[in-house]
Amino acid sequence: MTAEASKARSSSPTLADDYLTVTMLCGGLAQMVRWRNHPRSGAADAGLLPASWRVGFSRVWWRCLGQGVEGPASDLELMTWCTRPLITWDVDLALSDSDLQHELLVGDELSMFAEQAARLASSTDVEAEWVENQVFKAIRAAAAANGGTDDQQVEAVYAALRRLLIDRPVLSDTDLLRLEQQLPEADNSGQTYVRRLIEHAYTTTPASGTYRYLTCPGCGNPVLDGEPCGTPGCTGGIPEPKSVKTSRRFYEHHRATRRFIHDPGLVEVRIMDALSKDPTLEGRLEVVAYPRLDMVDILIEFLRRDGRGEVSVCEVWAVDAKDQLSARLLGRRFEWPAGFPCDKRFLAVPKHRADQGQYLKELKSELDGRPRSAGVTVISEDALIELVKVRVKELAA
C-alpha cells in the first residue's frame, strides 16, 4: 500500500470515529467473557476471536499508523492496553475527557464503561443482557396474563411489577406466595407467570426462618457491613438492618437486574415520587408510570378543572430517564419512541450525572441533529421537577 493510500485510510471519517472503535472492542471483550464463563457453549470451538474484536483491533492499528506510532503487536498486547485508562494508550483517541479516564477491563471483567459500550455492539451477546431481556419478557407476559383484556389493567400490572424490581432487591418465598395470590395466572405447565419473572430476575438461596441483612439507605441495595454499595450516585449512609421471613429460600437481585433495571430505575422512582407525593400538586397532575408497557418511563398529565368541577387533561409531558456513565454513548444509543403522543419530550438524567461538569453539554451535542431525538429536551431530574411545578402554577393562573 502506498503512503498516500495509508494516509487516506487512516484519516477517513469512519475510521476516525473512535467511539465506534471502542464499541467494537467492548463487544468482542463481552463475547470473550461470556465464552470464558460458559466454556461448553461451543461458541469458541473454532478457536477464533469474535469478529467485533477483530474489527476493533484493525481500527486501533490503522489509527496508530495514521498517528505515526507503533500499534499493538498482538491481541494479548491490545488486551493489556484494555486494562489501562484509555488516556494512557499509545494512540490518541478522540473521546471525551471523562470517557478517556476509563479502562475497558477491570481484572477479568468488563468495566462499567465497557458494559455500556458493549450494549451498542450489535454482535455482542452478554449474559447479563440476556437476563435483562428475559426479565422484561417475563414482566410483559405476567402483565398480559393477569391484566386480561383491559389494556389499562395490563399497564397497571406491568407498572407494579417494574416498581417491585426497584423497591424490593430481596424477597422471601413467602413474599412470592403472596404475590402469586394477587397475580395467580399460570402457564400451561402450572407455573405462575409472576414466579417465572422472579426466577429470572433474582437468584435463590436456601434459607429457613428469618433472614437478616443490611441495606444501603441511599439506594436500598444489600451491602456487607463496612463496605460501600457501589451504586452510581448513591449518597450512602449507615447501613440499615432488614429481615425477611422465609420458609425454604429467599431471592436476591440477579446482577443484571441490579445493574440494568434497579440502579438506573432509581432516578425514575425519585422523579415519580417527588411529583406524586407532593401535596401542593395533588389534583393538579397525574403521574403515570411506564405507560404503554414502558414505551417511555413517565407520563405527566397536567389537569384542569372547568367551572362545573370536571377534570380534563390539558397538557401531556413524556419523560425517558437514563442513568448511564458515558454521555456520548448514551447519546448514540438513545432513541425516542416513534409515534408516542405528547406535548413535550424530556430526556432526564440523574443529579449525580448532571453535576459532572460537561455531561449535559456532551449529551446534548451527541443528540444534536439526530432525527430520532428531535424535539427532546435534555434536563436533570431536579430541573425537571421544578419545571413541572412552574408549569402547574402557570396553568392554574
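In which loop is the place of Tyr290? Select Tyr290 and you land between strand 9 (285-289) and helix 11 (291-294). Helices (H or I, at least four residues) and strands (E, at least two) are DSSP runs, numbered from the N terminus.

Before going further, a word on what is on screen. This is a predicted model, in which local features need pLDDT of at least 70 and side-chain atom pairs count only at pLDDT 80 or more, while totals for chains, interfaces and linings use all residues. Residues are numbered from 1 along each chain as its sequence is written, and side-chain values use heavy atoms, with hydrogens and water left out.

**Colour by confidence**

Colour by pLDDT, the predictor's confidence in each residue, from 0 to 100. The protein averages 89, and 92% of the residues score at least 70. Now select residues 1-15, where the pLDDT is below 50; beyond near neighbours in sequence, this stretch has 15 contacts in the model. Contact means heavy atoms within 4.5 Å.

Most residues other than glycine have a negative phi. Tyr290 is not a glycine, yet its phi is positive, at about 50 degrees. Tyr290 is also buried, with a relative accessible area of 1%. Here buried means under 20% relative accessible area, exposed over 50%, and partly exposed in between (1.4 Å probe, protein chains only).

Step on to Leu293, in helix 11. Its phi is positive too, near 55 degrees, and at 27% relative accessibility Leu293 counts as partly exposed.

**Helix 2 against helix 3**

Show helix 2 (residues 18-37) with helix 3 (residues 51-67): they pack at an angle of about 140 degrees, and their axes are 7 Å apart. Axes are lines fitted to C-alpha atoms, for helices over the stretch in contact, and angles run from 0 to 180 degrees between N-to-C directions. Ala, Val, Leu, Ile, Met, Phe, Trp, Tyr, Cys and Pro count as nonpolar, Asp, Glu, Lys and Arg as charged, and the others, Gly among them, as polar.

**Helix 8 against helix 9**

Next, bring up helix 8 (residues 173-182) and helix 9 (residues 193-201), packed at about 145 degrees with axes 9 Å apart. Leu176, Leu177, Leu179 and Glu180 in helix 8 meet Val194, Arg195 and Ile198 in helix 9. Five of the contact residues are nonpolar, none is polar and two are charged.

**Ala327**

Select Ala327, found in helix 12 (residues 327-333). Ala327 is buried, at 2% relative accessible area. Not counting residues up to four places away in sequence, Ala327 touches Tyr359, Glu362 and Leu363.

**The cysteines**

How many disulfides does a search of the whole structure find? It finds zero, a disulfide being a pair of cysteine sulfur atoms within 2.5 Å. For Cys64, the nearest cysteine sulfur is that of Cys82, 12 Å away; Cys64 is buried, with a relative accessible area of 0%. For Cys314, the nearest cysteine sulfur belongs to Cys342, 14 Å away. Cys314 is partly exposed, at 28% relative accessible area.
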